[in-house]
Amino acid sequence: MAPLYDVAVVGYGPTGLTAASLLGRLGHRVVVCERWPGLYGLPRLTHIDDETARTVQAAGDVDEALRDSSLCQYVWLNGNGETLVRIPANPQGPMGYPDHISMYQPDVESAIDKRLRGYGTVDVRQGWAVTDLHQDADAVTLRLRGWNSDGACADGPHDEVRARYVIAADGSRSGIRELLGVERQDLGFNEPWVNIDTEWLRPQPPEFAYGTQYCDPARGHMTINIGATRQRFEFALLPGETRQEMTTPETGWRLLREYHDLGPDDVRITRQLVYGFEARIATRWRTGRVFLTGDAAHTMPPYLGQGACSGLRDATNLAWKLHLVLGGRASDALLDTYESERRPHVTALTHAAIGLGKVANTHDAEAAAARDAAFFAGKVPPPPPFPPLTHGVLRQGTDAPVGTLTPQGRLRLADGRTGRFDDLTGYGFTLVAVEDPATALGPQRLARLERLGCAVVALDTVDDLDGRHREYLQLLGAVAYLARPDFVLFGTATDRTDLAALVDDLDAALSGTVGAAV
């Protein structure tokens, strides 16, 4: 009989790494199945936001992960070099990080990989491909074969693993999704671009220290810094250009010289390939005990910089819910809220990315001129606000902005320890109150919070060094707020009586009874 794990994670990119690390941190036995023998080692994603950086903080050493990162603002120009829109970067977002971060993906993956291997509960099986799966009433059996990297095929020895649940994080061409027979909805955006990653051989010129999107109907193109020592360049393919042609070194150097006056004395090309920018969403994200996450569940064009961020949101949303179900603190029905919460959120972001992608991929000169005129006349509406969660484990029936994100500042505890909020409170639910809530809650509710692994922070007993948490409570008009492990606001309490009801409503939400939307 194959060994039984709590969770099997298929795929070891950012989403799979994060899911495995968070579950390992929570003490669960996890097996990772990844066909390639090592970490990818090259950047695919280049941008994360402050929420994603906070997730990386929970999953690995964030300072090591972001050691070669930098602030990244964005400028969108038309074919004449005129500014259509400028997206500034806030060096201190509400999560304690810049809200636009240019980063080097291998550093992030290595930092998370190093952390999860230290838990002693995560079995990383690299070089093994999943070839089949079978579900029964208790678990999922994954059939494995050794992966032949040279032949790019699974022709090695056979093995099996069993897990109570499976997280498929195996990319846009997900083999698990195919085994489950899950289709994807095509939202009608399909644009091929060639990606050229480089390393600077001299100090990065100032004009390359941010992201620039050139919305030129003759050929859309863009560049973005990857930290301070690397640069990505992307170019839209024109009619008649082939994937084979666009991935030759000669074509790469021609494009870099023509559009940016760069040559082999300036940069070294480290990676060159054609991507198909697409927008597709799986028709279902759960099949029994198997969950699709990241690109296996949804892909979006890169223009909003939210593709990888969305995958990490999937991982942290699912991890804490699996933790409660595996520990007997919630029923399996809680896991249905994974899709009901995440699908509307990622769908809204995908449509926003498609809208930006249409601006960047306007190929007709007359249409581009009309587009430019609309921007210059102020007739183009600003991007929609970042979507909150609207369904799921949220306290309803109040005026509080449930489903939005809660902040992270720095604290000094009574014992003198100083650090980021999450590093001091741990990964889990958090109740933050202006003063000690023990009397208002009583021993039974406090015990229930303890069983959930909920940290209780009374601001009158710590130093809120940035004032961020006190300011947040003042903004909410509340005496306390309750945050989920994925930093989402579950609900607030307006007074001491409401504080007790807040905890009761969390119990109700997790048990699927009245008092909150589930």
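Residues are numbered from 1 along each chain as its sequence is written. Since this model is predicted, local features need pLDDT of at least 70 and side-chain atom pairs pLDDT 80 or more, while totals for chains, interfaces and linings use all residues, and side-chain values use heavy atoms, without hydrogens and water.

**Exercise 1.** Work out the order of the strands in the open sheet of three strands.

*Solution.* 
1. Know your terms: strands are DSSP runs (E, at least two residues), and helices are runs of H or I with at least four, numbered from the N terminus. Two strands pair if DSSP finds at least two bridges between them.
2. Take E3 and strand E7 (residues 101–102): they pair in the antiparallel sense over two bridges. Ile48 has Ile101 in E7 as its bridge partner.
3. Now put the sheet together: the order is E3-E7-E4, with antiparallel pairing. The edge strands, E3 (47–48) and E4 (70–71), each pair on one side only.

**Exercise 2.** Find what lines the second largest cavity.

*Solution.* 
1. A cavity is a set of points on a 1 Å grid over the protein atoms alone where a 1.4 Å probe fits but cannot get out; lining residues have an atom within 4 Å of a point.
2. Its lining is Pro14, Leu45, Ile48, Thr52, Met103, Gln105, Val108, Ala308 and Leu312. Helix H4 (105–117) and helix H8 (307–326) each give two or more of them.
3. Spot the link: Ile48, bridge partner of Ile101, turns up in this lining too.

Technical notes
On a 1 Å grid over the protein atoms alone, a cavity is a set of points where a 1.4 Å probe fits but cannot get out, and a pocket is an open set with protein on both sides within 12 Å along at least five of seven lines; lining residues have an atom within 4 Å of a point.
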